Amino acid sequence: MLKTEPSTIRMFSFVGGLLIFLIWELLSPYRPVTVSKLKRWIINLAFTGFNNIILSLLFAAAIVQACQYVSVNRLGILNSIEMPHWQKILLTIIILDFMLYIWHLLNHKVPFLWDLHRVHHCDLNMDVSTATRFHVGELAISKVITLCLILFLGVDVYGLFLFETLVIMATQFHHSSLKISVWFEKFFWILFVPPSMHRIHHSVIIKERDSNYGIIFSLWDRILGTLLTDIDQTEIRIGVGSYQKQEKLNFHHLLMMPLTRRVR
Ligand SMILES: [Zn+2]
């Protein structure tokens, strides 16, 4: 039960979210596309399939076993504190989201990590499929960090899978190209990350890109001074300045991109 149930919910939320946001984007897109949506989707979904096969083989069993090991042996910080299970799960989500914020910030500040992370940022349009376009190297390093965090914090399988499901929902929503009322985005922005906040992060302008690192909560950007709000949304150009030709951004180009010349 422990091995299959939460991961099945996570998979359904991924596929369900992808379909719901795709239909919503087709009915009410934030802006017209500038490159073929179909072509980008094929590339981005190729990454999803490829990454899932590699990461499942390398990490899926180890991560579930690490969670079970710390729970059975009551290891890690969260297991050394007496508190109700729901509070432990809430604390897990808050701590892991902060760790994800730090990891995302490092992906922009450390040159070697940016070499991998630019694969995500060089998508020329941003939509829900962008949420799944990551280089396998970036995800593999993040899985090793996740394993270390599970052991150090004492994260149980329910806390981890609930966190990962929330991350999927949050990233799918804030990458989506959706027309949403301004008042809703402003309200949502108080605590969470709406598409307008993340759109600034995908700007070709480096000062704008080096802001708004939050994934679930906007809180960390607010506290640590990386929040940028006052940008004309209609003027934002998506992508990385040096990569402007879609024909140079096919699957094999993106896979090899970290080995090519470093660009900001
Ligand atoms: Zn980024």
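The model is predicted, so to speak of local features a pLDDT of at least 70 is needed, side-chain atom pairs count only at pLDDT 80 or more, and totals for chains, interfaces and linings use all residues. Residues are numbered from 1 along each chain as its sequence is written.

**The cores**

Let's start inside. A nonpolar core here is a set of buried Ala, Val, Leu, Ile, Met, Phe, Trp, Tyr and Cys residues joined through C-beta atoms within 7 Å. Buried has a cut-off too: 20 or more other C-beta atoms lie within 10 Å of the residue's own, while 12 or fewer makes it exposed and anything in between partly exposed, with C-beta atoms placed from the backbone.

The largest nonpolar core has 24 residues, and the ones touching the most other members are Cys-67, Ile-150, Val-155, Leu-160 and Ile-215. Two or more residues each come from α2 (37-72), α3 (85-109), α5 (136-154), α6 (157-175) and α8 (195-201). Of these, α6 gives the largest share, six residues. Helices in this naming are DSSP runs (H or I, at least four residues; strands would be E, at least two), numbered from the N terminus.

Take Ile-215 as an example. Neighbours within four places in sequence aside, Ile-215 is in contact with Asp-97, Leu-100, Tyr-101, His-104, Val-167, Ala-170, Thr-171 and Val-193. Contact means that the C-beta atoms of two residues, placed from the backbone, lie within 7 Å. Apart from this core lies another one, of ten residues, including Val-240, Tyr-243, Leu-249 and Met-257.

Axes are lines fitted to C-alpha atoms, for helices over the stretch in contact, and angles run from 0 to 180 degrees between N-to-C directions.

| Helix pair | Angle | Axis separation |
|---|---|---|
| α3 and α6 | about 50° | 9 Å |
| α3 and α5 | about 145° | 12 Å |

The α3 and α6 pair is therefore oblique. On this scale, angles under 35 degrees are roughly parallel, over 145 roughly antiparallel, 65 to 115 roughly perpendicular, and the rest oblique. The crossing of α3 and α6 is right-handed. Handedness goes by the near helix: turned anticlockwise from the far one by less than a right angle is left-handed, clockwise is right-handed.

Where do α3 and α6 meet? On the α3 side you'll find Lys-88, Ile-89, Thr-92, Ile-93 and Leu-96, and on the α6 side Tyr-158, Gly-159, Leu-162, Phe-163 and Leu-166. Sorted by class, this contact has seven nonpolar, two polar and one charged residues. The classes work like this: Ala, Val, Leu, Ile, Met, Phe, Trp, Tyr, Cys and Pro are nonpolar, Asp, Glu, Lys and Arg are charged, and the others, Gly among them, are polar.

With α5, α3 again makes a right-handed crossing. Here α3 brings Ile-95, Leu-96, Met-99, Trp-103 and Asn-107, and α5 brings Glu-138, Ser-142, Ile-145, Leu-149 and Leu-153. That contact of α3 with α5 counts seven nonpolar, two polar and one charged residues.

**Helix α4**

Helix α4 spans residues 111-121, and its buried residues are Asp-115, Leu-116, His-117, Arg-118, Val-119, His-120 and His-121. These buried residues pack against α3, α5, α9 and α11 (251-256).

One of them, His-121, turns up again as a contact of His-202, along with Met-126 and Ile-238, leaving aside neighbours of His-202 within four places in sequence. His-202 sits in the loop between α8 and α9 (206-209). It is buried because it has 24 C-beta neighbours inside 10 Å. From His-202 to Lys-39 is 163 residues in sequence and 19 Å in space, C-alpha to C-alpha.

**Some single residues**

Most residues other than glycine have a negative phi. Arg-74, not a glycine, has a positive phi of about 50°. Arg-74 lies in the loop between α2 and α3. Is Arg-74 buried or exposed? Arg-74 has 10 other C-beta atoms within 10 Å, so it is exposed.

Asn-212 has a positive phi of about 50° as well, and is not a glycine either. Its place is in the loop between α9 and α10 (219-224). Asn-212 has 24 C-beta neighbours inside 10 Å, so it counts as buried.

Asp-210 is also in the loop between α9 and α10. With 16 other C-beta atoms within 10 Å, Asp-210 is partly exposed.
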